[in-house]
Amino acid sequence: MTNFKQKIAEQISKAIDLDKEELETYIEIPKDVKNGDYAFPCFRLAKELKKAPQQIANEIKERIEIDSTILEKVEVLGGYLNFYINKQLLTKEVLMEMANKHEYGKSKIGEDKTILVEYSSPNIAKPFHIGHLRNTVIGAALYNIYQYLGYNTIGINHLGDYGTQFGKLIEGYKRWGNEYNLEENPIEELMKIYVRINKLCEKDKTVLEACRENFKLLEQKDSYCVELWEKFKELSLKEFQKIYDMLGIRFDAVIGESFYIDKMEKIYELLENAHVLKESEGAQIVDLEDKGLGVCMIRKSNGSSIYATRDLAAIRYRAQTYDFDKCLYVVAYEQALYFKQLFEVAQYLDIPGKCKQGLRHVQYGMVRLSTGRMSTREGNVIKVEELLTEAIRRVEDIIKEKNPEMKNLKDEAKKIGIGAVIFHNLANTIIKDQVFDWDNVLNFQGETGPYIQYTYVRTKSVLEKAGYLPKAEEINIEKLSDEYSQDIIKLIYSFEDTLIQVTDKDEPSILARYLIDLAKAFSSFYNENKIITEDKELQDARIYLTCSVGKVLKIGTNLLGIEMPDKM
RNA sequence: GUGCUUAUAGCUCAGCAGGAUAGAGCAGUCGCCUCCUAAGCGACCGAUGGGGGUUCGAGUCCCUCUAGGCACACCA
């Protein structure tokens, strides 16, 4: 499709002697459509050229050649040069693109680039709560979008299956294992043990030492510890899988921290050879004080490993295995300092420079309860299963009321309920904290997942009523020159650009917002116009547009990890 | 104490790496189903935390204050 912005920049660059790429960055999209489709503010040239902005605008306008196939007109308003693009061309191109491309917006711009996305990464033996949900949903959306743009994308679930916490669990199980029924409700019971042993550790430091000792034994492959650990792991994974199935999420690699056990010696060695490893209080650290990053611990004073060691081993392994260009860590912002340290220390590894530079912490805000922070140790967490089940239940109630005849009630309710929860997690800038509120998450009106789904279902139902789909090349595009249709056309035009923005900023909410805008534009259009009408040409054009909106809505929501219902 | 981060309408959020009159949703008030699904559409109401600065122009950049959140070595 024509890159209008670029074309306009080219024209301006011919009129005044400035680099067209630079000019392109100055061009903006006016807030008010009355001011055209693109605008070039001349203010910043005023000083250089020693002329009034308006005069500059006028002079550029004089010198510019208007290619009427691309631009309708150019106007000067204040210090702005306002460009009105050729609607016919835009409309034609969007419709043809839609007709010719099987998957609209799909691109190859990421070809030859490998992106790793580490996300979800729950801790074994701990409940999967709404904090993990946010992480999982953000990671999955990024994964899908990168992939759609042609990147070779690898999704990694870096399970927290190692560390002192297991020393604690083992200690707890040793002491009170027979009091708990692990088979029945594994995570619940393990959590109780975990909470209990943590309380004891706080009171009695010797117990904490015993826990650390257990982890050390686990690391040394003590058979009792390994056996227990494997049992905990198996039970937890089964539970997690239930949730991934509900959410429709899968990973290319599920590799726990424990996978790196035998890859850590090499890390010690590399850091040793780089002369950055120092002893401090009996532990091995890398001092990053001069960079304002404190110290990064690599080996504990009792000789056992720590998460940084395993993460470094993971980076090295991933560089060797995937030769990645970018590795995204979707992890809450509370670990911001840690990741800065990690990436800093990773510079000493024997991996390609592009891998070292491609490490990126995608930070998202915490999910809190109105009563404060969620804490597994405190036991006050909202579990994902509970939330999804409630969402589905509420949707079922609404369907029974609004559409009692509906078939596949269970299936559709699931798509809508889960869709609402996923969308809610992606609708806002991810760095912002969220205060969890049932009514907020499970609101189905306004800017929500169900709103987009509802809009989509409407497009489907119109198409069903029409019973045919006209050919794109036969559409009379003049029938789509009204404001409502044009709003939609412009939005569809900017779909790919929206996806690129998501990957530029690692911010899925940009796509979520876009889909709301598109659904709104269609809803207004739908309300204002009859699609099925007497005027056959008009009907064809509108049907085609309706179909296009439906396609983009579906592709977009799927990229966010949300399924579309057929009926609502 | 140091560092990071957030602050926009009663509530939840947008605001394209400074640009034209700051946009939505929810809540509230009011209209719209003899018409393709009212989980919808339209209208009204209502806002940039305080103070400086840079700039032709600041919600956006800088400084400062205030208020939340987070992190600062043997948890991950």
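1. Domain bounds here come from an automatic or database domain assignment. The model is predicted. On that basis, chain A splits into domain 1 (4-85), domain 2 (119-275 + 305-373) and domain 3 (384-559). The C-alpha centres of domain 1 and domain 2 are 52 Å apart.

2. Now the overall picture. Chain A has 568 residues, and 40% of them are buried. The C-alpha trace spans about 80 × 65 × 40 Å along its principal axes. Chain A holds 22 helices and 14 strands. Take the contacts in chain A with a separation of 6 or more: 74% of them link residues 24 or more positions apart.

3. Next, the interior. In soluble globular proteins, nonpolar side chains tend to be buried together. The largest nonpolar core of this model has 127 residues. Ile145 and Leu518 have the most contacts inside it. Helix 6 (residues 130-148) supplies the largest share of this core, with 11 residues.

4. Which residues does isoleucine 145 contact, leaving aside its neighbours within four places in sequence? They are Leu499, Val502, Thr503, Pro508, Leu511 and Leu559. Find isoleucine 145 in the structure, then look for these partners around it.

5. Turn to RNA strand B. It is surrounded by 76 residues. The closest are Ala39, Phe43, Gly163, Thr429 and Gly446. Which helix gives the most to the surface near RNA strand B? Helix 18 (residues 449-466) does, with eight residues. By class, this surface has 33 nonpolar, 24 polar and 19 charged residues.

6. Now the strands. Strands of a sheet pair through backbone hydrogen bonds, either parallel or antiparallel. Strand 2 (residues 71-77) and strand 3 (residues 80-85) are an antiparallel pair, with six bridges. Glutamate 75 of the pair faces asparagine 82 in strand 3. The hairpin of strand 2 and strand 3 has two residues between the strands. There, glycine 78 takes a positive phi near 60°.

7. A three-stranded open sheet is also present, with the order 13-12-14 and mixed pairing. Why is one side of strand 13 (372-373) and of strand 14 (434-435) left without a neighbour in the sheet? Both stand at the edges, and each has a single partner strand, so one side of each has no neighbour there. Strand 12 (residues 367-369) runs parallel to strand 14, and two bridges join them. One partner pair is valine 367 with glutamine 434 in strand 14.

8. Last, a single residue. Lysine 7 lies in helix 1 (residues 4-15). Lysine 7 has 18 C-beta neighbours inside 10 Å, so it counts as partly exposed. Not counting residues up to four places away in sequence, lysine 7 touches Thr2 and Ile70. Compare glycine 467, which is 460 residues from lysine 7 along the chain. Their C-alpha atoms are separated by 40 Å.

Technical notes
Residues numbered from 1 in each chain as written. Chains lettered and ligands numbered in written order. Predicted model: local features only at pLDDT ≥ 70, side-chain atom pairs only at ≥ 80, totals over all residues. Near = placed C-beta within 6 Å. Helix = DSSP H or I, 4+ residues; strand = E, 2+ residues; numbered from the N terminus. Nonpolar A, V, L, I, M, F, W, Y, C, P; charged D, E, K, R; others polar. Core = buried A, V, L, I, M, F, W, Y, C linked by C-beta atoms within 7 Å. Buried ≥ 20, exposed ≤ 12 C-beta atoms within 10 Å, placed from the backbone. Contact = placed C-beta atoms within 7 Å. Pairing = 2+ DSSP bridges.
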